[in-house]
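Dear colleague,

Please find below the sequence and structure that I am handing over to you. My notes on what was found follow directly after.

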Amino acid sequence: MTPPEAPVQGQDGRGAEKPPAVSVCLTLTKRADFLRAAQARRQGTPGFLLQARERRAGETDPQVIRVGYTCSKKLGNAVARNRAKRRLRAIARAVLPGHGRPGWDYVLVGRPQATATHDFAAMTADLARALARVHTGK
């Protein structure tokens with residue numbers, strides 16, 4: 001028996017009609033980076049807390065925006081925490097390329113009973129507003 005024919009694809013193995021989406025942000029993974037961001041600037045919103053810090057020269061690539069996500073057990077069980085982190089990743093993916101600054105680290109912290117249920121459009125507007133306030137120093 002012979003296997004069925006595969007559909008025709010582009011050079012990279014995907015459909016040739018659209019290139020893959022590219023993110024301009026790297027994800028924070030080291031605890032020390034989260035702790036440094038926690039001691040820097042903060043801006044609260046109804047759906048989450050934004051922590052931001054400008055990296056020092058020579059620390060990492062100055063042309064990269066780095067972002068991290070934190071959802072503690074106060075948010076609920078693993079399902080609720082994962083839902084909140086998915087929403088935080090989605091708003092960061094939508095807002096940070098346009099409003100974030102290269103050379104900065106951002107941490108989005110989920111809030112209990114708010115991050116998973118707050119209006120998504122309001123959260124994206126809140127992130128853009130919080131980034132503007134963090135960068136002006138207010």
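**Salt bridges**

Arginine 36 and aspartate 33 are joined through their side chains in a salt bridge, with an N to O distance of 2.8 Å. Please bear in mind throughout that this is a predicted model. Both partners belong to helix α1 (residues 31–38), and because they are three residues apart there, about one helical turn separates them. Arginine 36 has a relative accessibility of 33% and therefore counts as partly exposed, whereas aspartate 33, at 10%, counts as buried.

Aspartate 105 takes part in a salt bridge with arginine 53, where the closest N and O atoms lie 3.6 Å apart. Aspartate 105 is located in strand β5 (residues 104–110) and arginine 53 in strand β3 (residues 48–54), so this pair ties together parts of the chain that are 52 residues apart in sequence. Both aspartate 105 and arginine 53 are buried.

The side chain of aspartate 105 also meets that of arginine 66 in a salt bridge, at 2.8 Å from N to O. This pair again links distant parts of the chain, since aspartate 105 is in strand β5 and arginine 66 in strand β4 (residues 65–70), 39 residues apart. The relative accessibility of aspartate 105 is 0%, which means that it counts as buried; arginine 66 is buried as well, with a relative accessible area of 11%.

How many salt bridges does the structure hold? There are six. A network of salt bridges links Asp33, Arg36, Arg53, Arg55, Arg66 and Asp105. As a general point, side chains of opposite charge can pair when their charged atoms come close.

**Overall architecture**

The protein chain contains three helices and five strands, and its pattern along the sequence reads β-α-β-β-β-α-β-α. Of the 138 residues in the chain, 38% are buried. When contacts between residues at least 6 apart in sequence are considered, 74% of them join residues at least 24 apart.

**Packing of helices α2 and α3**

Helix α2 (residues 78–99) packs against helix α3 (residues 120–136) at an angle of about 50°, and their axes are 9 Å apart. The angle makes α2 oblique to α3, and the crossing of α2 past α3 is right-handed. On the α2 side, the contact is made by Arg87, Leu88, Ala90, Ile91, Ala92, Val95, Leu96 and His99. On the α3 side, the residues are Phe120, Met123, Thr124, Leu127, Ala128, Leu131 and His135. Sorted by class, the contact of α2 with α3 comprises 11 nonpolar, three polar and one charged residues.

Apart from its neighbours within four places in sequence, alanine 128 is in contact with Val95 and His99. Alanine 128 and alanine 94 are 34 residues apart in sequence, and their C-alpha atoms are 9.8 Å apart in space.

Helix α3 also holds aspartate 126. Aspartate 126 is buried, with a relative accessible area of 9%. With neighbours within four places in sequence left aside, the contacts of aspartate 126 are Thr45, Pro46, Phe48 and His118.

**Two loop positions**

Which residue other than glycine has a positive phi, near 55°? The residue is glutamine 113, and its place is in the loop between β5 and α3. For context, most residues other than glycine have a negative phi. Glutamine 113 is exposed, with a relative accessible area of 70%.

Serine 72 is found in the loop between β4 and α2. With a relative accessible area of 35%, serine 72 is partly exposed. Serine 72 and proline 112 are 40 residues apart in sequence, while the distance between their C-alpha atoms is 8.7 Å.

With kind regards

Note on methods: Residues are numbered from 1 along each chain as its sequence is written. This is a predicted model: local features need pLDDT of at least 70, side-chain atom pairs count only at pLDDT 80 or more; totals for chains, interfaces and linings use all residues. Side-chain values use heavy atoms; hydrogens and water are left out. A salt bridge is a side-chain nitrogen of Lys or Arg within 4 Å of a carboxyl oxygen of Asp or Glu. Helices (H or I, at least four residues) and strands (E, at least two) are DSSP runs, numbered from the N terminus. Buried means under 20% relative accessible area, exposed over 50%, partly exposed in between (1.4 Å probe, protein chains only). Axes are lines fitted to C-alpha atoms, for helices over the stretch in contact, and angles run from 0 to 180 degrees between N-to-C directions. Angles under 35 degrees count as roughly parallel, over 145 as roughly antiparallel, 65 to 115 as roughly perpendicular and the rest as oblique. A crossing is left-handed if the near helix is turned anticlockwise from the far one by less than a right angle, and right-handed if clockwise. Contact means heavy atoms within 4.5 Å. Ala, Val, Leu, Ile, Met, Phe, Trp, Tyr, Cys and Pro count as nonpolar, Asp, Glu, Lys and Arg as charged, and the others, Gly among them, as polar.
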